[in-house]
Amino acid sequence: MRRRDNLALRRLEVVGHCLVWAKDDRTPPWFFRDGANTAGRELLLARMKAHIDAVAGRYRGRIAMWDAVNEALDDGTNFLRPSGWSAACSEEFIRKAFEFAHAADPQALLAYNDYNDELPAKRAKLIRLVRSLREKHVPIHAVGLQGHYEIDRCRWLTSRPRSWPCASWA
Amino acid sequence: MRELGVKVVVSELDIDVIPRARWWADGGKYREELAKVDPYRDGCPPEVLQRQAEQYGQLFRLFRKHADVIARVSFWDLHDGQSWLNGFPWRRVNHPLLFDRSGGPKPAFDAVIAALRNSSNQALPSILSATPTQSDLVIESKGGPVNYKAVIDRNRCGNIKELHLPANGGPVVSDLNGIFFFGVQDHEYTLRGWSGRAQCIQSSSADVLSQKPGEVVVRVKADATGTFKVISTDQAVKARLAGILRGYQEKTVEIQRICAFKPDRIELTDEILWVHPNTPFNCIEWTVSFLPCCIQSPARLVKGVVKASFYPVGSGGDKLPKGISYPFTAENLLKNGWKVSLLTTGASFDLGKSDLFLYEGPWQQDWHQSSGFKYNLAGAPQGKPVTVKTELVFAKATLAEMPPVVTIYSPEPEARFRDEKGEVAKYKLGDAVKLRASAVNADGSPVADRDISWEVRIDAWWKRPPVILHGAQGSCTLPEAANDEERAAARERELLAILKVTVKGNNGTEATEHFAMLVARD
């Protein structure tokens, strides 16, 4: 890890992204399979633990903050995004990801990361998730707002153009 | 998120100049049309870049306003040519970041910098934040000319077990606010306790009382006990004390500490709220312990102009009168060019009998250096709470006050005393030891050879004059035992050799550096 060591000399912090990306197209298909069957809860959690131990354990003590879980909330009407993760483990996989990550690297701060958190419906889900994790004493230290904004559409900012520019090309 | 006790991170920031939301609208029916949209293929019009800059500025002013809960802002790549938005959700030439395709700053970059400075173009003061972890509370002061990080141990009486100054450097202090309490009762028994020691703490909590960008206030509450040692040899006294001392061991003192973290300083109000009746309690020591090789020379003592008797401060914390300069300040100069000043700003009792103390010596990890106050409680009213107020002020050292920074290369670092079981001595009496040090003046120039000198002592013979050598390097033979008494001492135990380098700086300052090492027994 030459690059990381150089960064340490320059006193830059390294952020790890991400241990569990809770989308089916971002997780290899074999992860959810057990031979011909769908992998059950225990197998899925064991695989997750092996992955987190290997990755977070390798960089133990050298990562300032890990995005422990990425994009687990649903954009539609569900609470959690439908996926192999939520189907097998419901909210438990999020809890376990934080616990495994904390055990693998106790010094790293752990974040839950997602997009569109500024939209009221998704924000409500985010608060519900963080509250639930905190009540269960899950080691979550931060929430990552991805902040992929679009010009003229940051509606919560104090001042904004009087009229939304009508994109002639769209 | 503040109420839920978690930080906010803006983790993947960019501002797309070719809005993409319609890609997902109405079941994706605009996708074919949108996939052909690539309006800024030949560059982004200045008015669009200007709008983007204004909106970046608004975002960062908003971030600044909530800086106490925002742990980090990071961008999703460095320049426009690298952005994922050139290919997501359709291929187009995009301009979402602060730097253009040639790596040059865009108007958005200037807008962000302007948002992070105030109107007079001065750097803003640091922003304070508090982050709880499993057992600690991490306070950071960041973004201004002075920045630091303090780690508070919630389970050990709010002991600040790490201070990083500057915040992104390594730790320089191992115990920033240790309270030792001592007492002797009629020559019968002694009491000793230390707030940083787990065995002394019965219960401990640390809560954030208030949090603003300019100040974080933490309240610590703890019940502590000490260790008691019977010094009387009278059997009757010993028997009588056995029962009494068991009772004290349950709880000896109740401590409350209010720690106000400000951009460049920590203001501490420590109160002993309650003391077990009849517990001997004569003295509190309040100590800053530095990590080995962080501090250069002992602290400078700055005596106040006015030798004032301290204005009594009740446990309610009345304001001190202005205009009194307090007599105790210790300025600890760090090798990294920073300075920790330690001063008493008030007490609930007359400080006339109290002392500032400095300690240097081989202890625990190598050469230990600390400075602190020894508060003599003889003048404190019996049975009333005792309060002391202390300030730790952080600053860059000036060129005039910074002593030369000294590094000892030989003896080799492995020979350093570390107070660990099974440590092997690298040298024995009669061995020749190579000495080599270097020293750099505050202005960066090397110190001349003639301004460097060494003193070598063996601890059993501290009465003997030390061996003295001049120059940055040389060789010294560890003296052999010369008489029966010395020979016996050398057989009985491992000895300690203390090497001291004294360096004169070109700004009139003087630096000392110590090296302690074990010497094998005969």
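## A strand pair across two chains

In this predicted model, β7(A) pairs with strand β1 (residues 7–16) of chain B in the parallel sense, over three bridges; strands here are DSSP runs of E with at least two residues, helices are runs of H or I with at least four residues, and both are numbered from the N terminus. Two strands count as paired if DSSP finds at least two bridges between them. Within this pairing, A:H148 stands opposite B:D14 in β1(B).

Residues are numbered from 1 along each chain as its sequence is written, while chains are lettered from A and ligands numbered from 1 in the order in which they are written. Because the model is predicted, local features need pLDDT of at least 70 and side-chain atom pairs count only at pLDDT 80 or more, whereas totals for chains, interfaces and linings use all residues.

## The contact between chains A and B

In total, 30 residues of chain A are in contact with 36 residues of chain B, where contact requires the C-beta atoms, placed from the backbone, to lie within 7 Å. The elements of chain A that give two or more residues to this side are β5 (109–114), α5 (120–135), β6 (142–145) and β7 (148–150), and the largest share, four residues, comes from β6(A).

## A sheet within chain B

Three strands of chain B form an open sheet in the order β21-β23-β26, with antiparallel pairing. Its edge strands, each pairing on one side only, are β21 (405–410) and β26 (473–477) of chain B. β21(B) pairs with strand β23 (residues 432–440) of chain B over five bridges in the antiparallel sense, and B:I408 stands opposite B:A437 in β23(B).

Definitions and conventions: Two residues are in contact if their C-beta atoms, placed from the backbone, lie within 7 Å.
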